[in-house]
Amino acid sequence: MSWSELRAVAVRGGRAGFALAVLGLAGCGSAPDFGEPSAALLAEVAAVDLDDPVVERTPIVDVHVHTFNARYLPLRGIALGRRDKNPLMTLLSDGAAEALAASIATSARLTPLPDDAGSAAATTTADWGATAAGVGEDSGDFVELEAVARALAIARGDAAARAGEVETPLTRAMRELGLGGGERFLQTLMLEDGKLPERYRQLFGSRVRLLVSHMMDLGPVYAQRPGDGTELLDFERQIRRMQQFQADPAAGLLYFVAYSPYRDHWPDVEPGRALRLVTDAVEHRSAYGVKVYPPSGYRPVGNDIPSEPWSLFSAQPRLQWEARYAGVTSEQLDERLDALLKWCCENQVPVFAHCNTGEFEARAEYGVAMASPRHWAAVLQKYPTLRLCLGHAGGAPYWFGEVDAEYTDWGEEVVRLCTSYPNVFCEVGVHGEIVDARARANFVSRLRELFARETRYPMQKKILYGTDWYMPAGASPMAYMLGYRRALLAVGPEPYRDFFLRNALAFLDAERRLDDARFPIPDSVADRLRGLLAAARD
């Protein structure tokens, strides 16, 4: 399919428009080129025994997952505002983008909970159009989106819709755009929220004993209010639901509450609200830590308000920029972040921060501008005992030997911070490069070199396993896990146990947290942590 054909399909048929919306959510990229490791190293890593006894006695902690569904995300705002992610997104009208987002969000189910009377089932495939922002059959938006109903049914696993389906414009467009996992992503996005931990274990297996689930507070980022909750849940309601899921022993998870500095001024001016949401969640709603997401448009320090965007086709990017920045100064953003990080450091509440060039950016290039580990270097000079994990470890290029790649210095800086400060860690979530034999061998070589260095804090004790599930990683879940398992077994049994188990418990400060009466955690979480600590000592 050529780009001109894709443009035509995007205008005439909703499925390609649907694929473009997925592009706005999940992004895409070309396959990297990896440096060539030695034949001996390739053979050594390939020969690793995946049934090594250390595997059986090492339960796994995944420090980076998401267990929210479409009702927790401002999909309307995302579809309307991320027009700069790819020029083809501009081919979707505002009305079509809104209808598409509504049809996805209202398809996502909420598990009925005792303290959440508003839990409701999803709409059915047949009535998707009635919920899609009131789009009528005689409107242009309906013509543009009519085929989306079948695509959504396929993503949900509707057997009748799937019957006889070989390749559709949706799947073909996704393949052409490098989004082979797009339907899987959407299927998960529309699952019942309480069933997401179970779905994770179906994909990754029972050896993963603890999931660290990270919330996202994106309503202010994309200027979308909760309304009646049929599309976007109020953030405090999201917190209450996560609290109840965490208390369920079967879920096997703990959660990090998300922080957004924009809560102090959007939708209403309420100074200090952003921090109060976090402290209340930790002190009274059993949140274990805090998630910080700089690609939403802010830095941990040294903020600089981005230029106001313009768009030929929609006013939404400008309106969303105003929600983030109108009436606020760079200095005020710095003060808000400083108050958060000071509180976390003084109370040893762990912080997990996105540290990669791309992924879920509010605007193109926000990742590069906002998420660099160098911004955290300035924070750590002020708060050297801050308990911090740098998600994605600065990006794949440094770790997997990508040829002629940009931003390898991000990984180098992550290593410097991890080995210079006592409570700084990093994790490798979403790096599906690990399934490539050359990239995996390069990763092994990198770890061996880093672990052999004499540093103040050994790097072997600072790198953690994570997946960033259910974000598309370019690899099947089990292939992803086995890739990391093979790599760490090649490095050695003790590094294996550190990577998959012990370093996560260190970042979580599990021993001390169990005895911290200020921030109570559910008995189910405490019992699970005690079991993991015992396994780590075995």
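Which residues does S213 touch, not counting residues up to four places away in sequence?

## S213 and its surroundings

S213 touches V65, H66, T67, M242, L254, Y255 and F256, where contact means heavy atoms within 4.5 Å. The residue itself lies in strand β2 (residues 208-214). Helices (H or I, at least four residues) and strands (E, at least two) are DSSP runs, numbered from the N terminus. S213 is buried, with a relative accessible area of 0%; buried means under 20% relative accessible area, with a 1.4 Å probe and protein chains only.

## How to read the model

This is a predicted model, in which local features need pLDDT of at least 70 and side-chain atom pairs count only at pLDDT 80 or more, while totals for chains, interfaces and linings use all residues. Residues are numbered from 1 along each chain as its sequence is written, and side-chain values use heavy atoms, with hydrogens and water left out.

## The sheet

Let's turn to the strands. An open sheet is formed by eight strands, with parallel pairing, in the order β1-β2-β3-β4-β5-β6-β7-β8. Its edge strands are β1 (60-65) and β8 (463-464), each of which pairs on one side only. Two strands pair if DSSP finds at least two bridges between them. Helix α26 (residues 523-537) packs on the sheet and touches β1, β2 and β3, and its direction makes about 130 degrees with that of β2. For such angles, axes are lines fitted to C-alpha atoms, for helices over the stretch in contact, and the range is 0 to 180 degrees between N-to-C directions.

Strands β3 (residues 253-258) and β4 (residues 289-292) run parallel and are joined by three bridges. V257 has V290 as its bridge partner in β4.

C355 is found in the loop between β5 (351-354) and α18 (366-370). Leaving aside neighbours within four places in sequence, C355 is in contact with residues including A371, P373, H392 and W410. C355 and W376 are 21 residues apart in sequence, and their C-alpha atoms are 9.6 Å apart in space.

## The largest cavity

The largest cavity has a volume of about 130 Å³. A cavity is a set of points on a 1 Å grid over the protein atoms alone where a 1.4 Å probe fits but cannot get out, and lining residues have an atom within 4 Å of a point. Grid points are joined across faces, edges and corners, and a volume is the space filled by probe spheres set on the points. Lining the largest cavity are 15 residues, of which H66, F68, M216, F360 and M471 lie nearest its centre.

Technical notes: Buried < 20%, exposed > 50% of the residue type's maximum accessible area, 1.4 Å probe, protein only. 1 Å grid on protein atoms, 1.4 Å probe; cavity = no way out; pocket = protein on both sides within 12 Å on 5 of 7 lines; lining within 4 Å.
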